[in-house]
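Hello,

Here is the structure I promised to pass on to you. Have a look at it first, and then read on for what I found in it.

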Amino acid sequence: MSAANPKVGFVSLGCPKALVDSERILTQLRVEGYDIVQTYDDADVVVVNTCGFIDSAVTESLDAIGEAISENGKVIVTGCLGKRSEVIREAHPGVLSISGPQDYGSVMRAVHAAAPQKHDPFLDLLPRRAAMDDDVGIKLTPKHYAYLKISEGCNHRCSFCIIPSMRGDLVSRPVDDVLREAEKLVRGGVRELLVISQDTSAYGVDVRYAERTWRERQYATRMKALCEGLSELGVWTRLHYVYPYPHVDDIIPLMTERHVDGMPKLLPYLDVPLQHASPRILKLMKRPGAIDKTRERIARWREICPELTIRSTFIVGFPGETEHDFQQLLDFMDEAQLDRVGAFAYSPVEGATANALPDAVPEEVKQERLARFMDKQAEISTARLEAKVGTVQMCLVDMVDGDLAIARSMGDAPEIDGVVQIQDGREADLQPGDFVDVEIMGSDEHDLYGEVAEVHA
């Protein structure tokens, strides 16, 4: 590209769903001839993709906008916090433009106004390629894994959440579009697809599970059919944000099946956001409250697929939570024995209906309960990982650090779960993106340690 091309700096904050939005904007910028630069000084304009889910995310986003204004001066804001433009304008009245999530057109129009393309009478005669026609597009993840967003928005109205007001109701992508994107990613070197949405289990309900054609076969726009299609690509497929609806039972058998090379057709891993285990608190959260059925469903999944790893997230200190409610949560943790768990103390989010609930839990009680909860999960995690010592685990290498290769097992999602430290990784000449069988020699609260048993071709 010519050195005269306008240059755009980019700051991406928030969840994997926001990261996919960033990738799409960056791809369109590159398709239109913009250079992406790494420093404020080099940029003609800076785009900040924000998060606004909880107070700490809002603060981080406002700080990032302020830094970009201070260092560059020309700032375009997009993302979830863009739905609360008054918050941004009050803190930073000088931003050039504000738009919400998925509003790629508004971002591009703002970039065109702030950093117009130089006219080239020769190049301007050539048609530009559409961003999504690019083989892979720009990725913000390492080459060997990618997030695959299957829908936008959410039909739930959880009392602690404002995502529907930011991203709207559920809008599912056509299943053939998703499968074609996945196929392009795999052709581009991706070895692991991480399926994301606000509610993966509800995929297709808004389009009445319409059928589409991919590879000369009909697929319903439905979670099971999507998983069956993705299983044909011969890479890891990991499911996130799966509500424990009855039809999730239908995909568990696929997790037990293997291709001829030993690759699982669907990773035995489910990210199930449960949030609490007290029926009373779940009702206040406006979440499904049949925790006994959830407990039974988890047990049935594990009977079908003993390898299954289950991760979840929980909120402690929700308004009205009593010590009895919290003890119900701890009891559930003892019974369910979840493999991976994240938790945070409840904090009010502007616009959430939970703010109006009575009996707020004092901050010191929230933190004390959070500490007890994490101590409980540490015991469970330590025991479950210790049970893997002496086994052989298929792993995907993320990086090589000194003599070690840092990898992840089928039970570890990037950035949120643990890792497998392969002691002889450099000696075995492992590289990022390699699949390798690892003999597990040791474990701790979060991670596994082992040595190479066999490198997959």
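Let me start with one cysteine: leaving out residues up to four places away in sequence, Cys158 touches Met285, Lys286 and Arg287. Please keep in mind as you read that this is a predicted model. Cys158 sits in the loop between β7 and α5. Is Cys158 buried or exposed? Its relative accessible area is 8%, so Cys158 counts as buried, the cut-off for that being under 20%.

Cys154 belongs to the loop between β7 (151-152) and α5 (163-167). Cys154 is buried, with a relative accessible area of 8%. Beyond its neighbours within four places in sequence, Cys154 is in contact with Pro164, Gly168, Asp169, Leu170 and Gln198.

Now for the overall layout. The domain assignment gives domain 1 (7-114), domain 2 (145-387) and domain 3 (391-456). The C-alpha centres of domain 2 and domain 3 are 25 Å apart, and their contact takes 26 residues from domain 2 and 25 residues from domain 3. Together these two domains bury about 1,900 Å², with 57% of that on carbon and sulfur atoms. On the domain 2 side, Trp236, Arg340 and Leu385 supply 30% of the area buried against domain 3, more than any other three residues.

What about charged and polar pairs at this interface? The rule finds three salt bridges across the interface of domain 2 and domain 3, and 10 residue pairs in polar contact, both residues being at pLDDT 80 or more. Several elements give two or more residues to the side of domain 2 that touches domain 3, including β9 (192-196), β12 (236-239) and β14 (309-316). Which element gives the most to that side of domain 2? That is α12, with five residues. As for Arg340, its side chain meets that of Asp412 in a salt bridge (2.5 Å, N to O).

One last stop is Leu140, in the loop between α4 (104-114) and β6 (145-149). Leu140 has a relative accessible area of 38%, which means partly exposed. Setting aside neighbours within four places in sequence, Leu140 is in contact with Ser12, Leu19, Ser22, Glu23 and Leu26. The C-alpha atoms of Leu140 and Ile304 are separated by 36 Å, and the two residues are 164 residues apart along the chain.

Enjoy exploring it!

Best wishes

Notes: Residues are numbered from 1 along each chain as its sequence is written. This is a predicted model: local features need pLDDT of at least 70, side-chain atom pairs count only at pLDDT 80 or more; totals for chains, interfaces and linings use all residues. Side-chain values use heavy atoms; hydrogens and water are left out. Helices (H or I, at least four residues) and strands (E, at least two) are DSSP runs, numbered from the N terminus. Buried means under 20% relative accessible area, exposed over 50%, partly exposed in between (1.4 Å probe, protein chains only). Contact means heavy atoms within 4.5 Å. Domain bounds come from an automatic or database domain assignment. Buried area is the accessible area (1.4 Å probe) that two parts lose on being put together, summed over both. A salt bridge is a side-chain nitrogen of Lys or Arg within 4 Å of a carboxyl oxygen of Asp or Glu. A polar contact is a pair of N or O atoms within 3.5 Å; within protein, one must be able to donate a hydrogen and the other to accept it, and residues adjacent in sequence count only if both atoms are side-chain atoms.
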